Structure formats: C-alpha cells, structure tokens
Amino acid sequence: MAAMEALEPGLYMGTLPDCLEEQFLREASITALVCCMSSPPAASSIDETHTLHVPLDELETAPLFLYFGTCARFIKRQLDEHGHVLVFGADGEACHVTIVAAYLIHTRQRTASQALEFLRARCPTTQVPASFCEQLELYEKEQGRVNLTQPAVRQFLLTRTNALEGYVTPGMLIRDHPDTQNDPYSDPVETRPPVPESAGTTRLRCKMCRRELASEEHVVPHEPGKGELSFDPHKRDSVRKGLDKAPVARQRGSGPAVPPSGPGPAAVALPPHLARIHSAMAMQGTRKSLLHSARCSAYFVEPLVWMTESSDVVEGVISGRLMCPNTKCQAKLGSWTWAGTQCACGAWVTPAFALQRAKVDEVVRP
Ligand SMILES: [Zn+2]
Ligand SMILES: [Zn+2]
C-alpha cells in the first residue's frame with residue numbers, strides 16, 4: 001500500500017486490512033493502536049498495553065460518545081511520549097473517523113464541523129452517520145469533556161443511543177452516587193472544595209414530613225409549552241380546560257407572580273407591623289419559583305441518591321414511583337422514567353424524575 005500520511009505528527013488513521021500490514025506499521029513507526037471494532041483483528045506486533053479497544057459496531061444507536069474521553073486521553077498520552085498512534089476501523093465505517101474528530105475537539109479546540117471537514121478531506125468516501133455527528137456536537141458543547149452526570153449528556157445518551165443497554169448503570173448518571181466514581185468513561189474531575197451552601201437557596205421538601213428532597217441546583221429546566229403540539233387534540237383540550245381555572249387562582253399566592261408594586265395606597269395605610277409582613281410577602285412574590293410555568297405539573301429534578309433506596313432507581317428498572325426517603329413517611333411524591341414524560345405545560349422531559357407540585361413545598365433556607 002501507499003505510505004499513509006500523518007494527520008498531525010505521529011497520528012495516523014486507516015482501515016483494515018491495509019493499515020495493519022507489518023510493513024506499514026514499521027514504516028510509520030506505529031507504537032500504539034486505537035481499534036474501533038467490536039471484534040478486534042488478530043494481534044499485531046503492538047502489545048496490549050499500547051492498544052485501546054472501542055468495542056462498538058457502527059450502529060446509529062452506538063453510544064460512541066462514551067469513548068471520546070478515554071480515546072482522546074490515550075492518544076494524547078501516546079503522542080506526548082513521542083509515540084506514533086494509528087486509529088483504525090473497518091473499511092467503509094466511520095467509528096475511527098469519529099474518534100479522531102473527538103480527539104481534535106478535545107486537544108485542538110476544533111468545532112465538530114471543523115474536525116469533520118478536516119477528516120473528510122483525508123478520506124472523502126467515508127460517510128459519518130448523523131448520530132455520530134450529533135455526538136461530536138454534544139462533545140463540542142461540553143468543551144471536549146465527558147461527564148455522564150451533565151444533564152445534556154445524560155439526556156442525549158438515554159434518548160438517542162441505547163447507553164443503558166450494558167454500557168452505563170443508573171448509578172453512573174446520579175450525581176454524588178458511589179457509582180459515579182466507578183464510571184470508566186468520564187474525564188477525571190479536578191477535586192474542588194465543596195461550595196458552601198449559599199443562604200437563600202430554594203429547596204423542595206416533602207409536604208407530609210418536611211424531609212428535604214432537592215435544592216434548586218437539582219431542578220432540570222425545561223421550556224414551558226415546547227412540544228405542546230405533540231399532544232393529541234383531546235388531551236390538549238382537557239389540559240386547556242384545566243388551565244383556565246385552577247392554576248390562575250393558585251398563581252396569586254405563590255406563582256411566578258405579580259411584580260412588586262411600589263408603595264401603593266395599601267402599603268402606606270398599614271401600621272408598621274403589618275407593613276413589615278406585607279413587604280415580606282412582596283419579597284416572596286418576587287422570588288422566582290422553581291416551577292417553570294404556572295402550568296407545570298411537577299418539579300423535574302436530576303436523579304438523586306435517595307431515589308436508589310426509596311424508589312428503585314437501580315439497574316434493570318426503567319420506571320417507577322418516587323417515594324419519600326423518610327422511612328416513617330414514604331409518601332408518594334411522583335414518578336420517574338428514563339424514557340421521559342410530558343409535563344402539563346406540554347414540554348417533554350427526558351429522563352423524567354417528577355416531584356408532583358402538590359406533594360412538595362418550596363422553602364427558602366435562611
Ligand atoms: Zn415525607
Ligand atoms: Zn412544565
């Protein structure tokens with residue numbers, strides 16, 4: 001075969017069977033391999049410690065994102081040690097091209113489209129499937145880092161690849177869960193001193209027993225109404241009917257509420273002790289609710305450690321009820337599903353860990 005050109009000093013990309021010929025490996029002084037095939041070919045002259053396997057087939061659903069960090073770090077380490085790395089896959093497939101693109105995003109701060117354009121010029125016949133392009137775009141948005149507990153990452157893996165089928169465990173997706181430390185995919189996180197809890201953080205607690213369940217940083221945002229068109233007409237009607245009444249009344253007390261009015265006649269006329277209460281209530285009114293709109297039926301939160309104990313958020317289970325973790329209470333607080341669900345405002349939330357608004361209180365810790 002013709003001598004292969006390096007993509008950058010020491011980095012090569014190729015397909016089987018040509019690139020594994022001993023003559024090529026010798027000429028290019030290859031010292032390490034990244035093998036992007038589910039069944040790796042027979043051993044070459046490169047030993048196991050200098051070989052990294054990405055055990056995925058080229059399927060639209062393959063969660064290739066999981067391997068971006070491991071591969072980028074491996075390639076970078078080999079090049080830093082003046083090695084020569086060959087990233088290869090089966091002829092006509094695109095896993096290896098995608099892995100090299102991820103390396104360029106991680107180390108060269110390329111965008112996904114820049115990286116792909118650069119590689120397409122080198123191998124014009126390779127088609128990178130849309131799903132792999134999306135995973136590179138996600139990697140770019142995540143600044144070239146893999147962290148499975150990032151909401152966008154979790155959502156992508158669960159909805160557009162079948163990552164839960166043997167690749168990741170629920171524990172790896174739950175912040176602060178012991179499994180997060182055993183997750184083989186995420187980039188190591190620099191240990192930062194814990195951020196002291198700021199005063200005034202809004203928390204959600206069980207209405208029955210007042211056990212704290214989540215704080216505002218655990219609430220996953222969704223855009224109210226987005227996806228409303230996916231309602232079937234009957235459902236949409238019934239939701240609208242519901243809307244016209246109850247939520248409007250509720251909104252007065254606690255909703256995203258009335259802007260603070262200036263010192264209107266009511267405030268001026270109040271005696272001092274009542275005026276204080278009045279202004280405290282006005283403050284409450286301006287505080288932003290953790291609900292995204294008055295129509296939302298639930299607080300959608302990240303999967304949290306207490307859910308593994310009380311609510312069966314464990315491997316092999318894909319949905320269930322959310323129960324209060326206080327063993328004396330065990331109130332039903334809502335439901336969860338990795339597959340996602342629709343909020344009453346119309347938005348789809350995936351995965352969905354929904355605490356019903358009627359079952360929890362918002363409290364501000366002073
Ligand atoms: Zn409770
Ligand atoms: Zn909503």
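These are my notebook entries on a predicted model of one protein.

**Setting up**

I number residues from 1 along each chain as its sequence is written, and chains are lettered from A and ligands numbered from 1 in the order in which they are written. Since I am working with a predicted model, local features need pLDDT of at least 70 and side-chain atom pairs count only at pLDDT 80 or more, while totals for chains, interfaces and linings use all residues.

**Overview**

I started with the secondary structure and found 12 helices and 13 strands. Both are DSSP runs numbered from the N terminus, helices being H or I with at least four residues and strands E with at least two. Of the 366 residues, 32% count as buried; the cut-off is 20 or more other C-beta atoms within 10 Å of the residue's own, with exposed at 12 or fewer, partly exposed in between, and C-beta atoms placed from the backbone. I then looked at contacts between residues at least 6 apart in sequence, and 64% of them join residues at least 24 apart. A contact here puts two C-beta atoms, placed from the backbone, within 7 Å.

**The open sheet**

In what order do the 4 strands of the open sheet stand? I read β7-β12-β9-β8, with antiparallel pairing; strands pair if DSSP finds at least two bridges between them. β7 (298-300) and β8 (319-323) stand at the edges with a single partner strand each, so one side of each has no neighbour in the sheet. Neighbouring strands are turned by 25° against each other on average, direction ignored. Within the sheet I followed β9 (332-337) and β12 (352-356), which pair over 4 bridges, and T337 stands opposite A352 in β12.

P351 is in the loop between β11 (348-349) and β12.

**Partners of β5**

Next I looked up β5 (202-206), which pairs with β13 (360-364) in the antiparallel sense over 5 bridges. R205 stands opposite D361 in β13. β5 also pairs with β6 (212-215), again antiparallel, over 3 bridges, and here R203 stands opposite S215. The hairpin of β5 and β6 has 5 residues between the strands, and R210 takes a positive phi near 70° in it.

A reminder to myself: most residues other than glycine have a negative phi, and most peptide bonds are trans. Q143 has a positive phi near 60° and is found in the loop between α5 (130-141) and α6 (151-160). D176 has a positive phi of about 70° and is in the loop between α6 and α7 (178-181). Buried or exposed, I wondered, is Q143? Q143 counts as exposed because it has 10 C-beta neighbours inside 10 Å; D176 counts as exposed with 10 such neighbours.

**α3 against α5**

My last entry is a helix pair. α3 (95-108) and α5 pack at about 15°, with their axes 10 Å apart. That makes them roughly parallel, a label for angles under 35 degrees. Axes are lines fitted to C-alpha atoms over the stretch in contact, with angles from 0 to 180 degrees between N-to-C directions. Which residues meet? I found T98, A101, A102 and I105 in α3 against F132, L136, Y139 and E140 in α5. By class, this contact has 6 nonpolar, 1 polar and 1 charged residues, where Ala, Val, Leu, Ile, Met, Phe, Trp, Tyr, Cys and Pro are nonpolar, Asp, Glu, Lys and Arg charged, and the others, Gly among them, polar.

Note on methods: Angles under 35 degrees count as roughly parallel, over 145 as roughly antiparallel, 65 to 115 as roughly perpendicular and the rest as oblique.
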